[in-house]
Amino acid sequence: MHFLKCPSWKIHLIPSNGWRVSSCVKVEYLKVLNTGLSSKEVIEDENKYLVGTYARTPLVLTSGKGCELFDIDGKEYLDLTSGIAVNALGHGDVDWVEALVKQANTLSHVSNIYYSLPQIELAKRLVTNSFADRVFFTNSGTEATEAAIKFARKFQRTLHSGDQKPPFEFIAYSNCFHGRTMGALALTYKEHYRIPFEPVMPGVHFLEYGDTEASVKLIQSGKIAAVFVEPIQGEGGIYRAKKQFLQSLRDACDQTGALLVYDEVQCGLGRTGHLWAHEPYGVYPDIMTLAKPLAGGLPIGAVLVKEKVSDAINFGDHGSTFAGSPLVCHAATVTFDKISDPSFLASVSKKGKYFKELLVEKLGSNPHVKEVRGAGLIIGIELDVSASALVDACRESGLLVLTAGKGNVVRIVPPLIISEEELNLAAEILADCMPVLGDSN
């Protein structure tokens, strides 16, 4: 008999052809789940049964709690990846788990043919706490981008109803990442993502991130349906937009009727210490895409729009079978309520400032470190060499971090609940692992 433990329950798991629950009582969380398998066996099965789209790290994770993860061999890791900025509340948040179980026992899925209360409650929260008037739910960030593309095209067709060829082109920026489906892929900068699948959607112009003059000139050409921009680029290398740049985009869009679209899939919902990454700028979009942290680990995306955009959308213009299900929306509502609390956001801001200063103190003198940048708990350490060796060394030392940019940026996006003690430990491990980068020439 094996035992799987979590903060509230012990589940007796009895091996047969699968697993079944025999009883539940309160106990403490079990760090190691005895699967009877080795890392090698799991990796061999993955290679045998799954399409090879991921260059996976050779690490089989089996359980987690808070900011801790454990692999199949019982080794502990401090998680500064949070599932690529998804697990904002960490692993196994008690309130999130309780909400999930309660809703699963009530109603999990009905499709969008019918109304459901959790979907309306989540939409109310998003609208009440943002620039937006309406919400459309999706299952992911790339689906949110696809919806935004369609909404922008339909808005322009409605706005220019008498024109045979309304504006249909888009602006995106260097280093940007908006997704991997065909429309979103066309808006994604790195060629190695796009080239194998060309021809992709035509009409996309890539400009230098922050280039105000070129952006305004192209918007004023009258050909642009929408401008897609990340207030803070995550995948691109943790680059922050300047207020003047965003304000110029806003002004030019207002003058021409183009739409301004913010992609806050990675940088939004508390990650910067503000509810929305664009808040400090005071420059608001017509459309905003969300996803990663919204449901605390379950798949969801959202497109927030102004009324003028919503007015252009009719029944049947877009849809989704799974999006906005009661199960996911209820989990998202609990997640949103916790993250949007002002004291929670203040703690993210404080911890982000503390950690950034700590990293500068401990790593800044290393000749390979060019810059430590970011806002809140989305931080990038730019190196003058590839970050892969450092990421691997950190993993061997029990710390999980990501790369970004051209592979030379260490990307840090921990659960927003991380403690200062855990941040201290992370900084120590990073500092101890720096010698793997070698001497600077």
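Let me start with L269: at 3% relative accessibility, this residue counts as buried. Buried here means under 20% relative accessible area, exposed means over 50%, and partly exposed lies in between, with a 1.4 Å probe and protein chains only. L269 has a positive phi of about 60°, although it is not a glycine. Its place is the loop between β13 (259-263) and β14 (287-290). Helices (H or I, at least four residues) and strands (E, at least two) are DSSP runs, numbered from the N terminus.

A word on the source. This is a predicted model, where local features need pLDDT of at least 70 and side-chain atom pairs count only at pLDDT 80 or more, while totals for chains, interfaces and linings use all residues. Residues are numbered from 1 along each chain as its sequence is written, and side-chain values use heavy atoms, with hydrogens and water left out.

Now the whole chain. It has 14 helices and 20 strands. The radius of gyration is 23 Å, close to the 22 Å that the globule rule gives for 441 residues, so the chain is as compact as a globular protein of that length. That radius is taken over C-alpha atoms, and the rule is 2.2 Å times the number of residues to the power 0.38. The C-alpha atoms fill a box of roughly 70 × 65 × 45 Å along the principal axes.

How much of the chain is buried? Buried residues make up 50% of the 441. Next, contacts, meaning heavy atoms within 4.5 Å. Take those with a separation of 6 or more: residues 24 or more positions apart account for 69% of them.

I84 lies in helix α2 (residues 82-85).

Next, a peptide bond. E198 and P199 are joined in cis, with omega about 5°. P199 lies in the loop between α7 (191-194) and β9 (204-207).

On to S111. This serine is in the loop between α3 (94-104) and α4 (117-128). S111 is buried, with a relative accessible area of 18%. What does its side chain reach? The backbone nitrogen of I113, at 3.2 Å.

G324 is another loop residue, between α10 (307-310) and α11 (326-339). G324 is buried, at 7% relative accessible area. Which residues does G324 touch, leaving out those up to four places away in sequence? S116, Q119, F137 and C329. M434 is another matter: G324 and M434 are 110 residues apart in sequence, and 44 Å apart in space, C-alpha to C-alpha.

Last one, S419. Its loop runs between β20 (409-412) and α14 (420-433). At 23% relative accessibility, S419 counts as partly exposed. How far is S419 from C67 in sequence and in space? The two are 352 residues apart in sequence and 8.8 Å apart in space, C-alpha to C-alpha.

Technical notes:
A polar contact is a pair of N or O atoms within 3.5 Å; within protein, one must be able to donate a hydrogen and the other to accept it, and residues adjacent in sequence count only if both atoms are side-chain atoms.
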